[in-house]
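Here is a colleague's note for someone opening this model for the first time. Please keep the structure in view while reading.

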Amino acid sequence: MSIHDPVADMFVRIKNGQFAKKISVKIPFSYFKQEIAILLQREGYIKEILSNKSDKPYLEIFLKYFQGNPVIENIIRVSKPGLRVYKNKDDIPSVMSGLGIVIISTSKGILSDKEAKKQGVGGEIICYVS
């Protein structure tokens, strides 16, 4: 089965894993998805990331819960393969008045909205996380 949007597939696996109260989810490996996972870990939305680069490389993402509830309440894909969404540094939106994050692909790598504004760069809006 071919996946047309691997990043959206990653988000769906995370949401479904948390809905099912799984400890971790495995997703096919790519460096782009690994950078998104590293950002989610840095921002405190997931516990840990393990990468296995064997014959079938994958990322294992350990999900995080607080008082039995998933830390990631919602993760929404914004920029899609058929419709890319770009914003400059002044037009980067905020999620839940700053309680969530926006993940942005910039010329300086994958950054959160706060990091992108601090570094003065815009880019492609990947998703909203709350």
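Predicted model: local features only at pLDDT ≥ 70, side-chain atom pairs only at ≥ 80, totals over all residues.

The points below go through helices, cores, strands and side-chain pairs in turn.

1. **Helix α1.** This helix covers residues 6-19. Its 14 residues should span 20 Å at 1.5 Å a residue, and the end C-alpha atoms are 20 Å apart, so the two values agree. The buried residues of α1 are Val 7, Asp 9, Met 10, Phe 11, Ile 14, Gly 17 and Gln 18. After the helix comes Lys 21, with a positive phi near 60°.

2. **Helix α2.** Lys 33, Gln 34, Ile 36, Ala 37, Leu 39 and Leu 40 are buried here. Gly 44 follows α2, and its phi is positive, near 90°.

3. **Gln 34.** Look at this residue within α2. Is Gln 34 buried or exposed? It is buried, because its relative accessible area of 15% falls under the 20% cut-off. Setting aside neighbours within four places in sequence, Gln 34 is in contact with Phe 29, Ser 51 and Leu 59.

4. **The largest nonpolar core.** Which residues touch the most other members of this core? They are Ile 36, Ile 61, Ile 103 and Val 129, out of 25 residues in the core. As background, nonpolar side chains tend to be buried together in soluble globular proteins.

5. Another core lies apart from the largest one. It has nine residues, among them Val 78, Ile 92, Val 95 and Ile 104.

6. **Strand β3 and its partners.** β3 is mostly covered, with five of its six residues buried. It pairs with β1 in the antiparallel sense over five bridges. It also pairs with β2, again antiparallel, over six bridges. Which residues stand opposite Glu 60 in β3? Lys 26 is one, and Leu 50 is another. A hairpin of five residues joins β2 to β3.

7. **Salt bridges: Asp 5 and Arg 77.** How many salt bridges does a search of the whole structure find? It finds five. One of them links Asp 5 with Arg 77, with the closest N and O atoms 3.1 Å apart. Asp 5 lies in the segment before α1 and Arg 77 in strand β6 (residues 75-77), so the pair ties together parts that are 72 residues apart in sequence. Both Asp 5 and Arg 77 are buried.

8. **Salt bridges: Arg 84 and Glu 124.** Arg 84 forms a salt bridge with Glu 124, the closest N and O atoms being 3.0 Å apart. Arg 84 sits in the loop between β6 and β7 (86-87), while Glu 124 belongs to strand β10, so parts 40 residues apart in sequence are tied together. Arg 84 is partly exposed, at a relative accessible area of 40%. Glu 124 is buried, at 12%.

9. **Salt bridges: Asp 113 and Lys 114.** The side chains of Asp 113 and Lys 114 also meet in a salt bridge, at 4.0 Å from N to O. Asp 113 counts as buried because its relative accessibility is 4%. Lys 114 counts as partly exposed because its relative accessibility is 45%.

10. **Aromatic pair.** The count comes to one aromatic pair. Phe 29 and Tyr 31 form it, edge-to-face, with 5.0 Å centre to centre and 80° between the planes. Why does this pair count as edge-to-face? The angle of 80° is over the 60 degrees required, so the label applies. Phe 29 is buried, with a relative accessible area of 17%. Tyr 31 is exposed, with a relative accessible area of 56%.

Conventions. Residues numbered from 1 in each chain as written. Heavy atoms only, no water. Helix = DSSP H or I, 4+ residues; strand = E, 2+ residues; numbered from the N terminus. Expected span 1.5 Å × (residues − 1). Buried < 20%, exposed > 50% of the residue type's maximum accessible area, 1.4 Å probe, protein only. Core = buried A, V, L, I, M, F, W, Y, C linked by side-chain atoms within 4.5 Å. Phe/Tyr/Trp six-rings, centres within 6.5 Å; stacked < 30°, edge-to-face > 60°. Pairing = 2+ DSSP bridges. Contact = heavy atoms within 4.5 Å.
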